[in-house]
Amino acid sequence: MFSHTYKTQPTPTWTPFCWTCEPKHTAMNTLWLLCSLALMAGGVSTTEDCSYHRLQKHLGLSQKNESTTGLRPVVHWTNSTLVMVDMILFGIMDLNEKSSTFTSYVLISTAWVNYFIAWEPKEFCGISKMTVPRERVWIPDIGIQEDISDTSSTILSPYVQVHHNWLAQVIDQRRLTTSCKMDLYRFPLDTQSCSITFKSMIHRASEIKLRAFASTTAVNHITRESMTTLDEWDFLGIAMTEEELNYGGDEKWHQLIYKITLRRRPLLYIINLVVPIAFFLVLDLASFFISEAKGEKLGFKVTILLSISVLLLILNDILPSTANNLPVIAIYCIVIFALTGLSLLETMLMSFLIDMDSRVDQDVQTSAKTCKETQEETECRREPERDAESSLKKVDTFNKKDLDGDWLNNPHLLQLILKEVQNIRQEWFSVNVRCGQKKPGYWEKVARRIDQAYFCLYLITTISFLIFISFMWLH
């Protein structure tokens, strides 16, 4: 720090005004008095000019000059220019997973060494720094590599502050939108790191050296103290690294990287996505206790499946479609959706088997008039044999009556024989069909056994999956 010494303005002296003095002396006194009052009212020293204009003229900054704005301010062209960049994060506006962009409000301080701007403060009334218009000073072309924001979001300072010890500084405020490569595998329990890279667009590493003026601890402390908006994120810290980038050949570019680490606040997503889907899974498990007879089970499962589909659409609007690794929450939703869909198919199979059993019961009731079922299947098999014997006896009776005649030429007898053979065939077919059918209640029992086995398998699979997905999320 420099001690500022200000020269006190000399107190003017004059002869007291007198009405009895000679006219010549009276006029001189009056003129001297008026000049002294004007000098005192204006605060201007009569011996030295302490204005900024004098210093600007001395430095050649009173007007725009191509030699001071268009050329890198070094004594020799092989000398490099030291540029120090500090960034303070004031607010986190948005981190968009769909477009992979990070929007923040930052303050960027850029300071550099200008060997043509220097003076002794004691020669200019103790002035150690001053501001000059931006267009009168050379400013390094430091840009942000990930920047995709428009020009209207940048508030450029119209002035550059210059110091007596070759240092120039400009401070800009920006609503910065940068591209950010995100890892959404553990969404919404994820931690994101977004980089902001400062580098010169034209000058190589041999011409401009980038450094951070403030330390990492100081930058993190100031950022935490000045943070105004965080949205759904917690600020973990900023790390700074310096790198040399080589695109091939001997030319290298120097760059300064600020890596911002953020952690998501997951409570809102857990309440709106994770918990409802888990609740729908529990409801699907509870639906196994609904009776199939009322027909409400199938509609209930369809409603659950549609509800999960709505949540999947919401999740699709949040997550990008170009993610390399499928997020855990996507696996979570897809597997639960698949389990619910399989449960719906199983319910449809149960309904089909129960309906089949009811149709068998109706067939048995309609056929009870012609053939009574017995407990033993062999009794049912003997019935067509008895009918066949009785029919043969009828044929024998007719044969005995017409034994002496030409019975082959008797059409009435042939018609009777054919009718009896047809009746035997029909009775044999109907009895076989009735005896081959299952008893009423058979298919319902099969459906119950399948339902119980599927419920046990469904429950074991669900518990195993939830344990597995929790391990993937937390580790």
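Colleague: Is C456 buried, exposed or partly exposed?
Modeller: C456 is partly exposed, with a relative accessible area of 46%. In these terms, buried means under 20% relative accessible area, exposed means over 50%, and partly exposed lies in between, using a 1.4 Å probe and protein chains only. This is a predicted model, in which local features need pLDDT of at least 70, side-chain atom pairs count only at pLDDT 80 or more, and totals for chains, interfaces and linings use all residues. Residues are numbered from 1 along each chain as its sequence is written, and side-chain values use heavy atoms, with hydrogens and water left out.

Colleague: And what about C333, buried or exposed?
Modeller: C333 has a relative accessible area of 2%, so this residue is buried.

Colleague: How many disulfides are there?
Modeller: The count comes to 2 disulfides, where a disulfide is a pair of cysteine sulfur atoms within 2.5 Å.

Colleague: Which residue forms a disulfide with C50?
Modeller: C50 pairs with C125, and their sulfur atoms are 1.7 Å apart. C50 lies in the loop between α1 (23-42) and α2 (52-59), while C125 lies in the loop between β2 (101-118) and β3 (129-133), so the pair ties together parts that are 75 residues apart in sequence. Helices (H or I, at least four residues) and strands (E, at least two) are DSSP runs, numbered from the N terminus.

Colleague: Why is that disulfide left-handed?
Modeller: The disulfide of C50 and C125 is left-handed because the torsion about its S-S bond is about -65 degrees.

Colleague: How do its two ends stand for accessibility, buried or partly exposed?
Modeller: C50 is partly exposed at 40% relative accessibility, whereas C125 is buried at 9%.

Colleague: Now the link of C180 and C194: how far apart are the sulfur atoms?
Modeller: The sulfur atoms of C180 and C194 are 2.0 Å apart in this disulfide. The link is left-handed, with -85 degrees about the S-S bond. C180 lies in the loop between β7 (165-179) and β8 (191-200), and C194 lies in strand β8, so the pair ties together parts that are 14 residues apart in sequence. C180 counts as buried at 3% relative accessibility, and C194 counts as buried at 1%.

Colleague: Changing topic, where is L59 found?
Modeller: L59 is found in helix α2, and at 11% relative accessibility L59 counts as buried.

Colleague: Which residues is L59 in contact with?
Modeller: Leaving aside neighbours within four places in sequence, L59 is in contact with I117, A118, W119 and M130; contact means heavy atoms within 4.5 Å.

Colleague: What separates the C-alpha atoms of L59 and W119?
Modeller: The C-alpha atoms of L59 and W119 are separated by 8.2 Å, and the two residues are 60 residues apart along the chain.
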